[in-house]
Amino acid sequence: MQTVIIGSGNVAYHLAKAFIQNGISLAQIFGRNEKELQKISSELNISYSTENLQDADLYIICVSDNSVEDVSKIIAKKDCLVAHTSGSLPKEILIGEYRKSSFYPLQTFSKTKNLDYKKIPFFIETENEEDQRILTDLASKISDNVMESSHENRKYIHLTAVFACNFVNHLFARAKEISDAQEIPFDYFLPLINETVQKISEIEPKSAQTGPAVRNDKRILELHEQLLKDESLEIYKTMNHSIKKMYEL
């Protein structure tokens, strides 16, 4: 099966890398950013182009959500299989006379961070059973965790991921701003962060909650608020309000 990945960002890079590492051939990686395509091509020994989209049986679109529809229109081949990698978009966002699907890897991707692809869940949605089999077999060569998922279900998977990953990472960034301002090495907090993440593999997150809000320690909460301002203060108040409400304090 001839496969082309469209895109040059984090998801495109890691999906291409996962394919190559698991013996899945790629006919081409296609996109607009020639500099990034060259890097991927050089590292993974994949043909690339910014102009001529190669004929293929499967096209996997790895671009930002707001670009998926427009990018899908450049695929002129009929009766091929086209998949996007978005967690939130329906397969029907794809515009063309081809078979439509989604191929969603549930992970946060950065080009500079190596990943264990076997552990990444893949969620597949297609228009028919044969395409479901094709994409499930493909994903199973990469991952040990492949599931069928409707768009409705996938929307909530992605929403949960935003809370569990994107929001949490933003809190790490805000925490680092505070420690940097006081010239406290952020490395000091890494064991705490690691233990927090590890703990929820063994304990329900709600049961693992600690801190002044769940203890309803008003003195500490007020002290912290005096140390903060602007967005960090608003985040602090909002998070503590949410914790108190969850525990009915």
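Predicted model: local features only at pLDDT ≥ 70, side-chain atom pairs only at ≥ 80, totals over all residues.
From here we'll look at the helix, then an annotated domain, a loop residue and a pocket.

**Helix α1 and what follows**
- An α-helix has 3.6 residues a turn, so residues three or four places apart point the same way.
- Just after α1 comes G23, which takes a positive phi of about 75°.

**The annotated domain**
- An unreviewed UniProt entry labels residues 4-75 as "domain: Pyrroline-5-carboxylate reductase catalytic N-terminal".
- That span is 39% helix and 17% strand, and the C-alpha atoms at its ends lie 11 Å apart.

**T85 in its loop**
- You'll find T85 in the loop between β5 (81-84) and β6 (99-105).
- Is T85 buried or exposed? Its relative accessibility is 10%, and buried means under 20%, so T85 counts as buried.
- Leaving out residues up to four places away in sequence, T85 touches V11, L15, I60, I61, C62, F103, Y104 and P105.

**The second largest pocket**
- This pocket has a volume of about 200 Å³.
- Its lining is made up of I6, G7, S8, F30, G31, R32, N33, V63, S64, S67, V71 and I74.
- Sorted by class, that lining has 5 nonpolar, 6 polar and 1 charged residues.

Note on methods. Residues numbered from 1 in each chain as written. Heavy atoms only, no water. UniProt positions renumbered as here; feature names shortened; annotations may be inferred. Helix = DSSP H or I, 4+ residues; strand = E, 2+ residues; numbered from the N terminus. Buried < 20%, exposed > 50% of the residue type's maximum accessible area, 1.4 Å probe, protein only. Contact = heavy atoms within 4.5 Å. 1 Å grid on protein atoms, 1.4 Å probe; cavity = no way out; pocket = protein on both sides within 12 Å on 5 of 7 lines; lining within 4 Å. Points joined across faces, edges and corners; volume = space filled by probe spheres on them. Nonpolar A, V, L, I, M, F, W, Y, C, P; charged D, E, K, R; others polar.
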